Amino acid sequence: MSITQQHALDTYRAQHLGEIPPPAPGTYDRQTARELRGCLEFRAVVTGRPARGRVRRALGRLVRPRPRSAC
């Protein structure tokens with residue numbers, strides 16, 4: 001059974017049971033890939049390897065000293 005057939009079956013079943021239909025296949029693929037990459041980068045930082053990408057920018061914002069006001 002293909003992914004499309006499984007989704008059609010799940011949608012049909014949810015409709016007859018009065019439940020919310022499942023999201024279409026591939027709806028959250030980008031978000032999942034982004035979260036996985038962030039998790040792998042975080043693990044790299046924890047184990048002592050250099051950070052890259054979003055984790056590095058986030059750590060840079062936390063570590064960078066903030067400018068003081070002139071007053």
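Me: Hi! Which side chain does D10 meet in a salt bridge?
Reply: Hello! In this predicted model, the side chain of D10 pairs with that of R13, at 3.8 Å from N to O.

Me: How many salt bridges does the structure hold?
Reply: The structure holds one salt bridge.

Me: Why are D10 and R13 about one helical turn apart?
Reply: Because they sit three residues apart in helix α1, they are separated by about one helical turn. In general, an α-helix has 3.6 residues a turn, so residues three or four places apart point the same way.

Me: And how exposed are D10 and R13?
Reply: D10 is partly exposed, with a relative accessible area of 25%. R13 is partly exposed too, with 43%.

Me: Thanks! Zooming out, how many helices and strands are in the chain?
Reply: The chain has three helices and zero strands. Along the sequence, the pattern reads α-α-α.

Me: What share of the chain's residues is buried?
Reply: Of the 71 residues in the chain, 7% are buried. The chain exposes about 6,800 Å², and carbon and sulfur atoms supply 57% of that area.

Me: Which residues make the nonpolar surface patch?
Reply: M1, L9 and Y12 make it, and the patch covers about 350 Å². L9 belongs to helix α1, which spans residues 3-17.

Me: Switching to charge: which residues gather in the positive patch on the surface?
Reply: That patch of positive charge brings together R30, R34, R37, R57 and R61.

Me: Which helices each supply at least two residues of that patch?
Reply: Those are α2, residues 29-46, and α3, residues 53-63. The most comes from α2, which gives three residues.

Me: Where is R30 placed, and is R30 buried or exposed?
Reply: R30 lies in helix α2. R30 is exposed, because its relative accessible area is 70% and exposed means over 50%.

Me: How far does α2 reach from its first C-alpha to its last?
Reply: With 18 residues, α2 reaches 26 Å between those two atoms, close to the 26 Å expected at 1.5 Å a residue.

Me: Last one: which residue with a positive phi follows α2?
Reply: That residue is G48, with a phi near 100°.

Notes. Residues numbered from 1 in each chain as written. Predicted model: local features only at pLDDT ≥ 70, side-chain atom pairs only at ≥ 80, totals over all residues. Heavy atoms only, no water. Patch = residues over 30% accessible without salt bridge, like charges linked within 9 Å, V, L, I, M, F, W, Y side chains within 5 Å. Areas by Shrake-Rupley, 256 points an atom, 1.4 Å probe, with all protein chains shown as cover. Salt bridge = Lys/Arg side-chain N within 4 Å of Asp/Glu carboxyl O. Lys, Arg positive; Asp, Glu negative; His and termini not counted. Charge placed at Lys NZ, Arg CZ, Asp CG, Glu CD. Helix = DSSP H or I, 4+ residues; strand = E, 2+ residues; numbered from the N terminus. Buried < 20%, exposed > 50% of the residue type's maximum accessible area, 1.4 Å probe, protein only. Expected span 1.5 Å × (residues − 1).
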